[in-house]
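Subject: Structure for your files

Dear colleague,

Here is the structure we talked about. My notes on it follow below.

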Amino acid sequence: MPSPDKTIAVINASGRQAASLIRIATAVGYKVRAQLRNLVGVIATEVATNPNVTTFVGDLYVRKKPNDDRDVTSNAHNPDILVNHDLITELFNGAQLAFINTTFYGNEIQIGEAVADVAKQVGVQHFVYSSMPDHATYNSAWPSLPLWAAKHSVEDYIRKISLPATFVYTGVYNNNFTSLPYPLFCMELQPDGSFEWLAPFHPRAKLPWLDAEHDVGPAILQLFKEGPSKWDGKRIALAYEHLTPLEVCEMFQRGVGRPVRYKRGPIKVQVRIPEGYREHLEALEKLFSPTNEDPKQQPPYFGDQALEDSCPEGALALWEGPRGMEEYAREIFPLEEEANGMTWMFEDEEGMPPTEVATITPTTIPEGLEEASGEEDDDDESVDEGLVMRGLKRDEEQWLA
């Protein structure tokens with residue numbers, strides 16, 4: 001079988017979605033032009049050393065300097081933060097396809113629009129954008145989730161310029177779970193060796209789920225194979241299971257072989273987090289209110305009920321070999337936990353809980369993170385970002401990508 005003769009442009013290439021696509025696309029012969037913020041971490045190293053990948057290291061935003069005459073676009077919210085148009089243009093040189101998952105570094109909306117503009121200029125044949133809903137557009141009583149609403153704005157712009165595009169809406173990552181004190185998806189290790197998951201979601205209301213590392217790549221590749229003639233303008237719910245929190249814990253329990261309990265309540269923030277992410281969590285807690293007693297009143301995760309109802313059949317039509325929650329909990333979760341310094345999986349023969357539990361090491365806010373919340377950089381190195389999962393599997397800010 002001849003190798004594909006097309007090149008895919010990818011940004012934020014060390015994120016879970018992008019890395020999943022790069023891994024499988026290059027294995028079957030596609031070429032990739034990949035932007036990375038830096039080369040830190042095993043996933044960035046994997047991408048950068050892949051012979052079918054041309055890497056471009058740098059941020060999609062730049063800080064304005066005196067007498068700066070580069071080809072950049074100003075950030076209306078912070079005029080000192082500019083879109084790195086040169087890097088984006090270089091990234092798309094010779095690309096026929098694109099998979100784009102924007103994040104908050106710089107200004108997500110302006111970067112997303114700039115990426116779409118360049119893709120349109122160079123004639124990209126199929127642009128797949130990882131979008132999310134702005135719930136307020138579906139129901140004025142629902143709050144917008146800041147980090148999702150930005151993606152929705154970018155999607156609207158892509159449609160406006162008539163770029164041949166498809167929009168994938170990813171479900172909750174199985175990979176979000178960790179026993180580190182991480183907001184919303186902390187699977188907290190208890191003194192008796194069991195786990196407890198605390199979240200505001202109704203225990204009997206279904207949510208869409210996805211193993212991002214395993215299943216994004218094959219699905220996106222199938223979209224590219226079938227092309228815009230079938231998928232132009234379509235939204236796809238990329239989720240392979242539709243499970244309630246109680247069902248998630250039941251599957252997780254079977255996977256890890258330990259009791260796993262769901263506890264409904266407010267989101268607990270135990271570490272320093274970026275202000276933009278804090279605002280997102282606060283809005284999410286209002287949207288999925290822990291005081292709502294009726295599971296039918298919980299808003300659809302994807303905003304659009306029809307899109308929600310397409311789970312998981314829509315995703316299974318693209319890729320029939322997903323990794324479910326139980327398999328993830330059994331085979332992958334312990335490996336990621338070990339990589340993050342946890343030792344619970346090495347308990348002694350009597351089944352006693354481990355005595356050592358890793359903690360999050362405080363780190364300085366990466367350059368550019370403060371712009372996401374509209375705050376100026378005060379150069380205070382004592383401020384820690386708190387969400388950089390240090391370890392073999394979480395050296396990048398993958399919780400956003």
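Helix α4 crosses helix α5 in a right-handed sense. Please keep in mind that this is a predicted model. The two helices, α4 with residues 108-122 and α5 with residues 146-160, pack at about 25°, and their axes lie 9 Å apart. Angles under 35 degrees count as roughly parallel, so α4 is roughly parallel to α5.

On the α4 side, the contact is made by E108, I109, G112, E113, A116 and D117. Helix α5 contributes L147, A150, K151, S153, V154, Y157 and I158. By residue class, this contact of α4 with α5 comprises seven nonpolar, two polar and four charged residues.

I also looked at T7, which sits in strand β1 (residues 7-10). Its relative accessible area is 14%; the cut-off for buried is under 20%, so T7 counts as buried. Leaving aside residues up to four places away in sequence, T7 touches K31, V32 and R33, and also G94, A95, Q96 and L97.

As for the chain overall, the protein has twelve helices and 16 strands. It runs to 401 residues, of which 58% count as buried. Of the contacts between residues at least 6 apart in sequence, 72% join residues at least 24 apart.

Regards

How values were computed:
Residues are numbered from 1 along each chain as its sequence is written. This is a predicted model: local features need pLDDT of at least 70, side-chain atom pairs count only at pLDDT 80 or more; totals for chains, interfaces and linings use all residues. Side-chain values use heavy atoms; hydrogens and water are left out. Helices (H or I, at least four residues) and strands (E, at least two) are DSSP runs, numbered from the N terminus. Buried means under 20% relative accessible area, exposed over 50%, partly exposed in between (1.4 Å probe, protein chains only). Contact means heavy atoms within 4.5 Å. Axes are lines fitted to C-alpha atoms, for helices over the stretch in contact, and angles run from 0 to 180 degrees between N-to-C directions. Angles under 35 degrees count as roughly parallel, over 145 as roughly antiparallel, 65 to 115 as roughly perpendicular and the rest as oblique. A crossing is left-handed if the near helix is turned anticlockwise from the far one by less than a right angle, and right-handed if clockwise. Ala, Val, Leu, Ile, Met, Phe, Trp, Tyr, Cys and Pro count as nonpolar, Asp, Glu, Lys and Arg as charged, and the others, Gly among them, as polar.
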